[in-house]
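Visitor: I would like to go through this model and ask, at each step, what a description rests on.
Guide: Go ahead, and have the structure open while you ask.

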Amino acid sequence: MSKETVRYDDAIVRKFVTATILWGAVGMLVGLWCALQLAVPRLNFAPYFTFGRLRPLHTNAVIFAFAGNAIFAAVYYSSQRLLKARPLDRLSAIHFWGWQAIIVAAAITLPLGFTQGKEYAELEWPIDLAIAVVWVTFAVNFFAMVRNRREKHLYVALWFYIASIVTVAILHIFNNLVIPAGLFKSYSVYAGVEDAFMQWWYGHNAVAFVLTTPFLGLMYYFLPKAAERPVYSYRLSILHFWSLVFIYIWAGPHHLHYTALPQWASTLGMIFSVMLWMPSWGGMINGLLTLRGAWNRVAEDPVLKFFVVGLTFYGMATFEGPMLSIKSVNALSHYTDWNIAHVHGGALGWVGFMTFGMIYWLAPRLFQTKLYSKKLATTHFWIATIGIVLYVLAMWVAGITQGLMWRAFDDAGHLQYPDFLETVTRLVPMYWVRALGGSLYLAGVLLGGYNLFKTWRSRPASYEEIDVAVPPMIRAAKLPARPVNVIERAAEPPVHWHRTWEGLPALFTALTIVAVLVASAFEIVPTFLIGDNVPRIKTVKPYTPLELYGRDIYLREGCYNCHSQMVRPFIDETVRYGRNGKPAEYSKPGEFVYDHPFQWGSKRTGPDLAREAGRRDELWHLRHFENPRSTSMGSVMPSYPHLLEDDIPWDVIQPRVDAMAMLAVPYDAEALVHADGLARQQADQVARTLVAAGGPKGMETKEVIALIAYMQRLGRDIQLAQDTQGGTK
Amino acid sequence: MIRLSELVSALTPAHYAELSLVLFLMVFAGVLARHGGKRRAAEHAACAQLPLADDEGGRR
């Protein structure tokens with residue numbers, strides 16, 4: 001018997017579990033606050049705590065802080081035992097404290113308005129660099145365990161971890177390529193259609209490789225442990241893995257149906273999304289059947305309860321996702337709360353419940369004592385389940401209601417609900433139900449936190465450290481000499497190709513990367529290189545320096561969280577966003593060639609703004625920003641009084657124009673040397689217009705002027721193109 | 001010399017979509033062919049036991 005031993009590092013797992021609960025509570029509390037802000041706009045406290053700034057904080061906290069820390073806890077606990085190797089202590093410490101520092105940096109910078117303006121990728125470039133460094137540290141630490149392993153076979157959970165580690169790195173790097181225009185300001189190197197494509201290639205695969213594959217790894221390890229029986233079908237898990245890795249990466253464009261994205265990419269995204277249904281359900285069924293013979297324990301064991309409902313939500317979310325990706329369904333669901341229902345079914349149900357199941361299973365083992373209260377854990381399960389059901393039902397009703405109201409025409413052929421606001425105020429009761437559901441879920445998290453705290457309090461004075469006897473390291477072990485005798489060779493057990501791969505982690509990782517890169521290249525290369533994907537429009541010009549700064553305010557305030565800039569080619573949209581009885585032009589790819597980053601949005605709590613120029617005058621905008629209720633009764637938009645008080649920092653404008661010029665935005669010579677002067681000139685003009693309309697004096701230096709200038713630019717270039725073609729000018 | 005964009009544009013997007021589907025089906029068929037039969041049942045059963053055996057039996 002081997003005399004070698006290994007002592008697992010459970011301290012790092014304890015740290016990540018604690019961080020999971022703490023950040024989960026924070027992220028969900030912010031989410032609840034955001035939900036309440038949509039029902040009670042007074043709960044917006046400008047400038048730092050408005051919906052537009054807090055919603056990114058909520059999504060980042062839940063995805064990268066709650067789910068992120070849970071993933072790390074799962075990876076460190078299970079990988080050590082599956083590989084019989086300890087991670088490198090120093091790297092583990094850098095990983096843990098580095099990740100928490102990033103979360104704190106996000107919690108500070110997002111309310112301050114430092115953002116790249118891309119969903120789930122809001123964090124500015126210095127933090128992005130820190131993420132890359134910490135992620136690489138994690139990867140090195142993980143692969144050090146793989147290298148020092150004492151178990152030849154890499155169990156399926158580890159494949160899911162490997163796929164997550166390498167793919168997240170690829171996604172993070174390529175989507176966050178930016179040109180800095182200051183310490184906390186940058187512009188995406190991609191523009192318009194290409195930026196939208198990259199963003200949703202990233203965005204959807206953040207769902208895939210942060211919120212799905214690591215949790216499948218967690219499921220394949222912790223569910224058999226909790227059920228005390230092996231996974232139902234190991235073969236199915238192999239199929240599940242390769243199918244997901246190969247298919248998921250293609251699905252991103254389904255977030256851009258009927259937008260200016262070329263139709264071929266959108267259709268390809270839809271097809272692969274529908275194909276995803278099968279492997280996803282294969283995984284779900286594999287998980288549920290693992291409980292065969294143990295179903296009687298589900299009634300008594302809160303851990304199994306969480307896992308069963310978590311898997312059920314995985315099944316629901318992976319059925320709903322492909323369904324929503326079908327274009328005709330998406331035409332109704334896109335930009336509505338239906339998407340919010342879908343993502344929360346996955347996040348609260350699948351990610352949340354798998355996390356809590358794991359934590360309740362880990363708690364007695366990590367703290368080396370009994371769980372404080374099984375009854376409290378069961379109560380947590382039930383109130384969280386009721387919370388999710390209320391949340392998801394409310395958002396389904398809200399989403400379908402709003403989608404149907406947008407497209408309703410009366411008998412005379414007019415929009416039945418021409419006032420967009422009417423389609424929002426109708427949803428407020430549902431927003432209250434959502435807030436109730438979210439409160440219940442959060443109460444469950446707090447109860448879980450209390451249960452864990454009490455468990456921790458009853459821990460032993462010092463944790464027992466166990467030396468586990470293990471075989472020699474694989475890399476140190478010499479392979480037995482191959483038999484020379486032909487008969488002996490024939491009697492050798494066959495070395496199966498997949499097992500051989502698994503024994504060669506570098507090759508296995510390389511194949512995973514190839515699967516991800518090939519799939520990405522098949523969509524990305526044509527998107528970027530086929531010229532007629534984005535036909536140019538002559539009248540589309542770069543934003544003026546003042547409009548560019550106004551656009552930056554739009555990003556800073558997170559307006560994209562509620563407003564889209566994309567008129568889809570549907571009659572109800574072209575009519576709704578038209579002017580003077582004439583339908584609007586639907587959005588064209590060529591309109592966005594200078595949009596670094598794109599701002600198409602993913603949700604319409606407010607109306608689309610792609611055709612906003614000239615729809616209302618400057619004074620209306622000023623009053624609206626100061627207090628939306630003064631111009632639009634019942635509006636749920638936050639007030640932005642600070643925009644009328646804060647001065648435009650003229651000195652930042654030139655560096656921002658210069659950064660855009662570096663991205664090949666064709667600014668003229670004057671803009672490249674006197675951008676701030678040009679901005680002041682335009683600001684004076686806008687301010688004079690305001691005064692002429694009876695507005696306040698002295699606004700020419702205020703930020704609101706820049707934002708108004710940007711609003712009055714949105715859609716103007718395509719209008720010019722239309723007028724030119726129509727011979728009106 | 002032919003440019004990369006010309007090379008890429010020589011195929012229509014529909015070709016890319018079709019090629020991608022063929023690629024996926026090949027991968028799927030390959031994995032299925034290798035793991036679909038009963039030949040590896042014993043190996044799979046042994047692999048499935050790994051989480052259950054990971055920290056037991058060898059403590060001192």
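Visitor: What is the handedness of the crossing of H7(A) and H13(A)?
Guide: In this predicted model, the crossing of H7(A) and H13(A) is left-handed. H7 covers residues 213-227 of chain A and H13 covers residues 337-367.

Visitor: Which residues meet where H7(A) and H13(A) touch?
Guide: From H7(A) they include A:Phe215, A:Leu218, A:Met219 and A:Phe222. Among those they meet in H13(A) are A:Trp350, A:Val351, A:Met354 and A:Trp361. By class, the contact of H7(A) with H13(A) has 10 nonpolar residues, one polar and one charged. Both A:Lys225 of H7(A) and A:Gly357 of H13(A) take part. Lys counts as charged and Gly as polar.

Visitor: What makes H5(A) and H7(A) roughly antiparallel?
Guide: The axis of H5, residues 156-175 of chain A, comes within 8 Å of the axis of H7(A), and the two cross at roughly 165 degrees. The cut-off for roughly antiparallel is over 145 degrees. H5(A) and H7(A) are therefore roughly antiparallel to each other. Their crossing is left-handed.

Visitor: Which residues make the contact of H5(A) with H7(A)?
Guide: H5(A) brings A:Val156, A:Ala157, A:Phe160, A:Tyr161, A:Ala163 and A:Ser164. H7(A) brings A:Thr213, A:Pro214, A:Leu216, A:Gly217, A:Tyr220 and A:Tyr221. Sorted by class, the contact of H5(A) with H7(A) has nine nonpolar residues, three polar and no charged.

Visitor: How do you know that H6(A) is roughly antiparallel to H19(A)?
Guide: H6 (residues 192-209) and H19 (residues 505-529) of chain A pack at an angle of about 170 degrees, with their axes 10 Å apart. Roughly antiparallel begins over 145 degrees, so H6(A) is roughly antiparallel to H19(A). H6(A) passes H19(A) in a left-handed crossing. A:Glu194, A:Phe197 and A:Trp201 in H6(A) meet residues of H19(A) that include A:Ile524 and A:Phe528. The contact of H6(A) with H19(A) divides into four nonpolar, two polar and one charged residues.

Visitor: How many helices and strands does chain A have?
Guide: Chain A has 27 helices and four strands.

Visitor: Why is chain A called as compact as a globular protein of that length?
Guide: The radius of gyration of chain A is 27 Å, and the globule rule gives 27 Å for 729 residues. The value is close to the rule, so chain A is as compact as a globular protein of that length. Along its principal axes, the C-alpha trace spans about 95 × 55 × 50 Å.

Visitor: How many residues are in contact between domain 1 and domain 2 of chain A?
Guide: The domain assignment gives domain 1 as 332-472 and domain 2 as 545-726. Here 10 residues of domain 1 of chain A are in contact with 13 residues of domain 2. On the side of domain 1 that touches domain 2, the elements giving two or more residues are H14 (374-407) and H15 (420-425) of chain A. H15(A) gives the most to that side, with four residues. The residues of that side divide into seven nonpolar, two polar and one charged. The centres of the two domains are 36 Å apart, taken over C-alpha atoms.

Visitor: Where are the peptide bonds that are called cis?
Guide: One runs from A:Ala46 to A:Pro47, with omega near 0 degrees. A:Pro47 lies in the loop between H1 (10-39) and H2 (51-83) of chain A. Another joins A:His596 and A:Pro597, with omega about 0 degrees. A:Pro597 is in the loop between H21 (571-576) and H22 (618-626) of chain A.

Visitor: What is the phi of A:Lys84?
Guide: A:Lys84 has a positive phi of about 55 degrees, although it is not a glycine. A:Lys84 sits in the loop between H2 and H3 (89-109) of chain A.

Methods: Residues numbered from 1 in each chain as written. Chains lettered and ligands numbered in written order. Predicted model: local features only at pLDDT ≥ 70, side-chain atom pairs only at ≥ 80, totals over all residues. Axes fitted to C-alpha atoms, helices over the stretch in contact; angles between N-to-C directions. Left-handed = near helix turned anticlockwise from the far one by under 90°. Contact = placed C-beta atoms within 7 Å. Domains from an automatic or database assignment. Rg over C-alpha atoms; globule rule 2.2 N^0.38 Å. Parallel < 35°, antiparallel > 145°, perpendicular 65-115°, else oblique.
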